[in-house]
Amino acid sequence: MPMFMGDVLQLYSTDEWKLDGLNFSNMIAVMCLAGIVGNTAASKVVIRRLGMKLFMGVATLSSLFFPLGVCLGYKYALAGSCIGCLGSAQMLGTTAALMSQGSKSDMKQGELAGERASFMAMLKVVGPLMYALIYQRGQKIGVSYLPFMFNAFIGLMAFTLVQCHLL
């Protein structure tokens, strides 16, 4: 869900942190680099050492660092993006678990992939609208970082679900 924030991060960065285009681009570059490092480290080393369930817990908690950093300020958001680099890899475990469960249920991979693609398409439409509404509401009540608090809440819920039900 957080990956479908639309332009809320850019609006927030411009309105709240007064970032210009160059600094915003630099922040996005740092976030992308952290994501690449997290995905590479996860797929090559971390999953093998921790096992899938522990990795999923660590990756999900790791995803909290950026939104919580945003709530504290620009530098904290950058640090959170770097510290939480494994957060971008949390989909590896989820996808593997879904595929595994699908094969146990005799569901065809193409059918499962189609359902996932439909769900992702729906999120691409609904997500930006929802985040824009949360951002507007947050501005009205003086908590402009409300979408990022929402992301942290989603992350905590995901952690609970992963630990209790997924693996």
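A polar contact is a pair of N or O atoms within 3.5 Å; within protein, one atom must be able to donate a hydrogen and the other to accept it, and residues adjacent in sequence count only if both atoms are side-chain atoms. The model is predicted, so local features need pLDDT of at least 70 and side-chain atom pairs count only at pLDDT 80 or more, while totals for chains, interfaces and linings use all residues. Residues are numbered from 1 along each chain as its sequence is written, and side-chain values use heavy atoms, with hydrogens and water left out.

Ser-62 belongs to helix H3, residues 52-62; helices (H or I, at least four residues) are DSSP runs, numbered from the N terminus. From there, the side chain of Ser-62 reaches the backbone nitrogen of Gly-87 at 3.4 Å. Beyond its neighbours within four places in sequence, Ser-62 is in contact with Ile-83, Gly-84, Cys-85, Leu-86 and Gly-87, where contact means heavy atoms within 4.5 Å. With a relative accessible area of 6%, Ser-62 is buried (under 20%, computed with a 1.4 Å probe on protein chains only).

Another serine, Ser-13, sits in helix H1. Ser-13 has a relative accessible area of 0% and is therefore buried. Leaving out residues up to four places away in sequence, Ser-13 touches Lys-18, Leu-19, Phe-24 and Met-27.

Two packed helices are described by the angle between their axes and the distance between the axes. Axes are lines fitted to C-alpha atoms over the stretch in contact, and angles run from 0 to 180 degrees between N-to-C directions. Helix H1 (residues 8-15) and helix H7 (residues 109-140) have axes that come within 10 Å and cross at roughly 25 degrees. H1 is therefore roughly parallel to H7 (angles under 35 degrees). On the H1 side, Val-8, Leu-11, Tyr-12 and Asp-15 make the contact, and on the H7 side Tyr-131, Ala-132, Tyr-135 and Gln-139. These residues divide into six nonpolar, one polar and one charged; Ala, Val, Leu, Ile, Met, Phe, Trp, Tyr, Cys and Pro count as nonpolar, Asp, Glu, Lys and Arg as charged, and the others, Gly among them, as polar.

Helix H2 (residues 21-50) packs with helix H5 (residues 74-83) at about 20 degrees, their axes 8 Å apart, and H2 and H5 are therefore roughly parallel to each other. H2 contributes Asn-23, Met-27, Val-30, Met-31 and Ala-34, and H5 contributes Tyr-74, Leu-78, Ser-81 and Cys-82.

Turning to the rings, Tyr-12, Trp-17, Tyr-74, Tyr-135 and Phe-148 form one aromatic cluster. The structure holds five aromatic pairs, meaning rings of Phe, Tyr and Trp (its six-membered ring) with centres within 6.5 Å.

Key. Helices (H or I, at least four residues) and strands (E, at least two) are DSSP runs, numbered from the N terminus. Angles under 35 degrees count as roughly parallel, over 145 as roughly antiparallel, 65 to 115 as roughly perpendicular and the rest as oblique. Buried means under 20% relative accessible area, exposed over 50%, partly exposed in between (1.4 Å probe, protein chains only). Rings of Phe, Tyr and Trp (its six-membered ring) pair if their centres lie within 6.5 Å; planes under 30 degrees apart count as stacked, over 60 as edge-to-face and the rest as tilted.
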